[in-house]
Amino acid sequence: MTAYIIRRLLLLPVLLFGVTVIIFGLLQFLSPVERSALYVREIPHTEGAVEGIIKRYGLDQPIYVQYWHWLVGRIDPVTGKRVGGILRGDLGYSRVGSQPVASLIAQRFPATAELALWAVVPIIGVGIWLGVQSAVRHNRFFDQVARVFSIIGWSFPTFVFGLLVLMFFYAKLRWFPPGRLSDWASAIVNSDQFHQYTHLHTIDALLNLRFDIFWDALKHMILPILTLSYLNWALLLRITRSSMLEVLGQDYVRTARAKGLPERLVINRHARPNALIPVVTIAGLMVAGLLGGVVITETVFTYPGIGSAAAQAAIQLDVVTVLGFALFNGTVLILANLVVDILYAVIDPRVRLG
Amino acid sequence: MMNNSSIQNSGIPALRKVGWLEKLVGPDNYRAFRALITTPAAILGLVLLAIFAFVAIAAPIIAPPASSRDPYRIPRDGFSPDPRPMGSEWKRNPPPLPFWWRFIMKTDGWIHILGTASGQWDIFYGVIWGTRTAFRVGITITLATLVIGVLVGSIAAYYGGIVDNILMRIVDIFLTLPFLMAALILATILVPRFGKSIYPAVISLIGFGWMGYARLIRGDILSLKEREFVLAARALGARGFRILFRHIVPNAIFPTLVVASMDVGSYVLSFAALAFLGIGVEVGYADWGQLLSFARNWISSLADYWYIVVWPGFALVLFVLAWNLVGDALRDALDPRMRAVRR
């Protein structure tokens with residue numbers, strides 16, 4: 001077990017190196033002038049100044065030198081200070097956000113985290129339940145309906161689904177508005193009498209005992225949660241169902257039935273735990289996806305998280321910002337993968353021994 | 001449906017009649033083919049695909065373009081920002097009337113059958129010509145990713161050792177970024193170089209779409225390259241690329257081909273998603289995702305302007321659904337793990 005975890009941890013730097021390589025590789029598509037946005041706020045457009053910046057930040061040096069500078073930063077020959085360096089948390093300057101990319105991420109992350117926090121329970125709980133039920137009632141009515149639901153959900157683009165629920169629940173019924181907070185609520189949240197402990201509005205509201213704000217924040221998240229759930233349910237249902245079906249065909253399940261165990265116990269105690277092993281991977285990656293910002297859902301609902309910020313930056317062709325977000329996203333994904341793999345070893349002895 | 005499974009499992013040679021098609025394509029592929037024409041869901045998918053193909057081919061007849069030089073440009077009726085409802089009259093410079101219109105409607109006045117989006121882009125044209133865009137984009141991306149994936153995967157598997165290691169690590173690196181995020185970045189980088197067109201989005205989806213096929217065919221070739229026919233080819237003096245691309249790849253490619261062909265739908269979906277975000281095609285290009293993006297300016301009045309969401313959305317969902325229905329049936333038929341269960 002320990003050996004497995006150590007082996008897995010040793011792989012971590014390699015994967016992180018992979019992400020940086022691909023992001024840096026993508027940066028090479030940009031001209032040196034565009035790349036100078038990694039170091040300077042305003043890109044000057046006069047002839048001499050551009051040359052100066054390229055020289056000053058070493059953008060004409062060999063690629064491996066530039067990669068190193070990009071990683072750890074570089075001493076600015078003029079001011080003598082160290083600038084840049086993603087390992088120092090300096091991801092460059094975001095033209096769109098008018099602030100450093102790192103602080104833009106820090107500013108947007110709570111919104112995404114809050115959405116993920118609230119979405120993850122319904123997604124995984126209901127998704128797995130649907131899958132198990134569907135497998136247990138294989139080829140019966142429930143299963144057929146669930147499968148139809150799954151394949152339609154699988155084919156439903158998030159943005160179409162999102163627009164449709166907005167059309168009905170917002171434009172028609174005015175129940176659940178887009179955005180993150182209503183104007184009155186955000187005025188209170190940003191005022192002095194409201195302490196922002198976590199920057200997750202729902203939790204802050206509870207800590208401040210402002211239940212009206214809690215409800216307002218939750219109201220804004222219901223449609224995004226519904227949209228995310230629908231798509232992910234479809235996926236989880238498929239995976240859980242096929243895994244459960246496979247397990248139900250195993251000999252030890254037949255043995256359990258043969259020795260007279262009630263069906264409930266056969267399913268809950270013998271079949272389900274083993275069927276959920278492959279589901280852990282998918283569920284873990286789903287959480288990572290949610291934390292990395294769900295670009296389209298956040299954009300449809302104008303929810304101010306990581307994903308919508310990345311989309312905004314992309315539309316305005318602010319590559320440095322988009323790459324910063326991608327770096328963050330990729331890192332989250334790798335860490336989540338690590339957690340999933342370790343969890344995997346904990347629950348499945350075949351993995352850690354094999 | 002699985003009347004041959006007991007025979008297969010018992011190891012007794014098949015006594016049933018083997019048709020010419022089964023002989024031609026082999027038992028596994030034949031089973032996949034049978035699943036296609038016997039599963040109701042798959043039939044529905046095929047019918048839907050046929051309808052879409054018809055619409056795509058007949059687009060110039062169903063909705064004759066305003067300018068034959070640039071048929072993918074949706075004709076617009078003025079510039080007013082407010083969408084107009086279905087069936088409203090075409091006021092300014094209507095495009096040529098399709099011949100069937102007079103027979104059905106008995107008038108010469110062309111209307112906005114599905115209404116207009118903001119900027120008076122005609123939704124009907126967008127949906128019809130968008131079908132063509134969908135096929136073009138989906139098939140282009142699938143073919144290109146398939147070629148790259150098969151090249152990388154087969155070379156890695158055949159040469160093995162350090163070549164394999166390097167190529168597969170490259171695959172791993174490409175997989176570290178989430179697909180849509182990666183495509184978003186590449187498209188952002190490519191837009192200033194290609195201008196607003198379908199190419200930035202298509203190229204970026206290709207750039208981050210091929211890894212799955214590389215892995216898939218690599219696995220198949222790894223087991224295949226130890227077989228006798230490869231040895232025979234080598235004994236006959238064939239070497240390197242000839243063995244690989246004349247003998248091994250044709251025998252290993254089928255599963256990858258099936259998986260890839262069923263991914264057309266999801267590529268179209270990703271492309272539409274990028275277009276919806278506003279990356280790629282120029283405003284007014286006939287593409288479903290782009291049409292849907294018009295709705296973003298009208299979120300609070302979508303109850304009145306529902307037709308800007310519903311029609312292009314309907315087309316996109318049905319298109320993706322059709323591919324998924326066919327793909328699901330195929331995957332079920334080809335998945336060996338599911339065989340025991342289905343009996």
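Predicted model: local features only at pLDDT ≥ 70, side-chain atom pairs only at ≥ 80, totals over all residues.
Residues are numbered from 1 along each chain as its sequence is written, and chains are lettered from A and ligands numbered from 1 in the order in which they are written.

**View 1. Helices α10 and α12 of chain A where they cross.** The crossing is right-handed, a term used if the near helix is turned clockwise from the far one by less than a right angle, with anticlockwise giving left-handed. From α10(A), look for A:Thr240, A:Ser243, A:Met244, A:Val247 and A:Leu248; their partners in α12(A) are A:Ala271, A:Asn274 and A:Ala275. Contact is counted if C-beta atoms, placed from the backbone, lie within 7 Å. Sorted by type, the residues of this contact are 5 nonpolar, 3 polar and no charged. In that sorting, Ala, Val, Leu, Ile, Met, Phe, Trp, Tyr, Cys and Pro are nonpolar, Asp, Glu, Lys and Arg are charged, and the others, Gly among them, are polar.

**View 2. A:His270 on helix α12 of chain A.** Staying with α12(A), you will find A:His270 in this helix. Apart from neighbours within four places in sequence, A:His270 is in contact with A:Tyr252, A:Val253 and A:Ala256.

**View 3. Helices α15 and α16 of chain A, side by side.** The axes of α15(A) and α16(A) come within 8 Å and cross at roughly 150 degrees. That angle makes α15(A) roughly antiparallel to α16(A). Here the crossing is left-handed. A:Ile306, A:Ala309, A:Ala310, A:Ala313 and A:Ala314 of α15(A) meet A:Thr321, A:Val322 and A:Phe325 of α16(A). The residues of this contact comprise 7 nonpolar, 1 polar and no charged.

View 4. A:Ile342 belongs to helix α16 of chain A. With 16 other C-beta atoms within 10 Å, A:Ile342 is partly exposed. Beyond its neighbours within four places in sequence, A:Ile342 is in contact with A:Ile5 and A:Arg8.

**View 5. The side of chain A that touches chain B.** Here 46 residues of chain A are in contact with 43 residues of chain B. Elements giving two or more residues to this side of chain A include α1 (2-27), α10 (211-248) and α16 (319-347). The largest share, 9 residues, comes from α7(A). This side of chain A divides into 35 nonpolar, 9 polar and 2 charged residues.

**View 6. Two loop residues of chain A with positive phi.** A:Ser98 sits in the loop between β3 (93-94) and β4 (99-100), and its phi is near 50 degrees, a positive value in a residue other than glycine. A:Ser98 counts as exposed, with 9 C-beta neighbours inside 10 Å. A:His199 lies in the loop between α8 (183-189) and α9 (201-207) and has a positive phi of about 65 degrees, although it is not a glycine. A:His199 counts as partly exposed, with 15 C-beta neighbours inside 10 Å. Helices (H or I, at least four residues) and strands (E, at least two) are DSSP runs, numbered from the N terminus.

**View 7. Helix α14 of chain B.** 14 of the 14 residues of α14(B) are buried, so this helix is largely enclosed by the rest of the structure. Just after α14(B), B:Gly278 takes a positive phi of about 95 degrees.

Conventions: Contact = placed C-beta atoms within 7 Å. Buried ≥ 20, exposed ≤ 12 C-beta atoms within 10 Å, placed from the backbone. Axes fitted to C-alpha atoms, helices over the stretch in contact; angles between N-to-C directions. Parallel < 35°, antiparallel > 145°, perpendicular 65-115°, else oblique.
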